[in-house]
Amino acid sequence: MELRQLRYFVAVVDEGGFTRAAARLHLAQPGLSAQIRQLEQELGQPLLDRSHRSVTLTETGRAVLPYARAALAAADAVRQTVDAYTGLLRGRVSLGLVSGATGNAFDIASFLADFHDAHPALEVALTEDTSERMQAALLAGELDIALLGPTDEVPPAGLSLQTVIDAPLAVAVAPGDPLLGPADRTSIPLAELRDRALICLPRGTGVRAALERACVQAGFRPRVTFEAAAPRVLAQLAARGLGLAVLPTGEDGSASDGQLRTLTITRPGIRARVALAWRSTGPASPAARALLDALRGALPAVPVR
């Protein structure tokens, strides 16, 4: 039995078949199949059921899988420990990012480029998703670190958060909208949004959760007619008169898109937050811990209001 055979077996299970696993491993499918059959012959039992269109685990395969994963994790830990003593970080870190999470406040691309220059043997897998799904992925161990908008007022048990952005929510309004009223108007009570078409981030994001909580407390449900994952697109839709874009403002109250007039939502005020999140027990690998330490040092720690 060889570690690479266990790695091939786990890849077939994770990918749901030989074709995708071979592509992921950069192997020819016949060679991959031969290695799995050799492993099965050495163990004396079939691990995979190939009698259907999709490959499934046999009863023996289900029993073996956790041990195969543990063996691979142990081998990776040996390599990481040796690398730590030589000052070289290897491995793969999964970083989740909610779309538009940091806006202009933090240049994530430049940060990752500098981090890669410092640790060229380390691979960072960047994933964009909703905050809600990323919170679940962190707890399940599928993500190491995430920049997300907390969807609950109290962080889920098992996660640690460092708030990096805490800004009031505002609506971006196209010129000529009756809501603008007096030229010096800078805010709008939440109740005035009751019957208006709103443009907002999708469900599962921190901004959307904060808006919906506030509206329910005010006695109505927000009428969201357009959704987009990027704040820039929200502003573009609002500029075409398709509704009011709900966006975080800068700390100075300026609009996310300077071409639109923004009114800060008041009575009650709603806060949009972005936080760096990780499992409370800390990332498992030295590489992930290094990335978390670098992010915590580069991002501000903002007190929650």
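1. In this note, Ala, Val, Leu, Ile, Met, Phe, Trp, Tyr, Cys and Pro count as nonpolar, Asp, Glu, Lys and Arg as charged, and the others, Gly among them, as polar. The model is predicted, so that local features need pLDDT of at least 70 and side-chain atom pairs count only at pLDDT 80 or more, while totals for chains, interfaces and linings use all residues. Residues are numbered from 1 along each chain as its sequence is written, and side-chain values use heavy atoms, with hydrogens and water left out.

2. The largest pocket holds about 1100 Å³ of space, the volume being the space filled by probe spheres set on grid points that are joined across faces, edges and corners. A pocket here is an open set of points, on a 1 Å grid over the protein atoms alone, where a 1.4 Å probe fits, with protein on both sides within 12 Å along at least five of seven lines; lining residues have an atom within 4 Å of a point.

3. Of the 27 residues that line the largest pocket, Arg7, Ala73, Asp76, Gln80 and Arg92 lie nearest its centre. Two or more lining residues come from each of helix 1 (3–15), helix 2 (18–25), helix 4 (59–86) and strand 3 (91–97), where helices (H or I, at least four residues) and strands (E, at least two) are DSSP runs numbered from the N terminus. Helix 4 gives the most, with eight residues, and by class the lining has nine nonpolar, five polar and 13 charged residues.

4. The axes of helix 1 and helix 3 come within 9 Å and cross at roughly 110°, axes being lines fitted to C-alpha atoms, for helices over the stretch in contact, with angles from 0 to 180 degrees between N-to-C directions. The two helices, helix 1 and helix 3, are therefore roughly perpendicular to each other, a term for angles of 65 to 115 degrees. Their contact (heavy atoms within 4.5 Å) joins Arg4, Gln5, Leu6, Tyr8, Phe9 and Val12 of helix 1 to Leu32, Gln35, Ile36, Gln38, Leu39 and Glu42 of helix 3, and these residues divide into seven nonpolar, three polar and two charged.

5. Helix 3 (residues 29–43) also meets helix 2, their axes coming within 9 Å and crossing at roughly 105°.

How values were computed. Angles under 35 degrees count as roughly parallel, over 145 as roughly antiparallel, 65 to 115 as roughly perpendicular and the rest as oblique.
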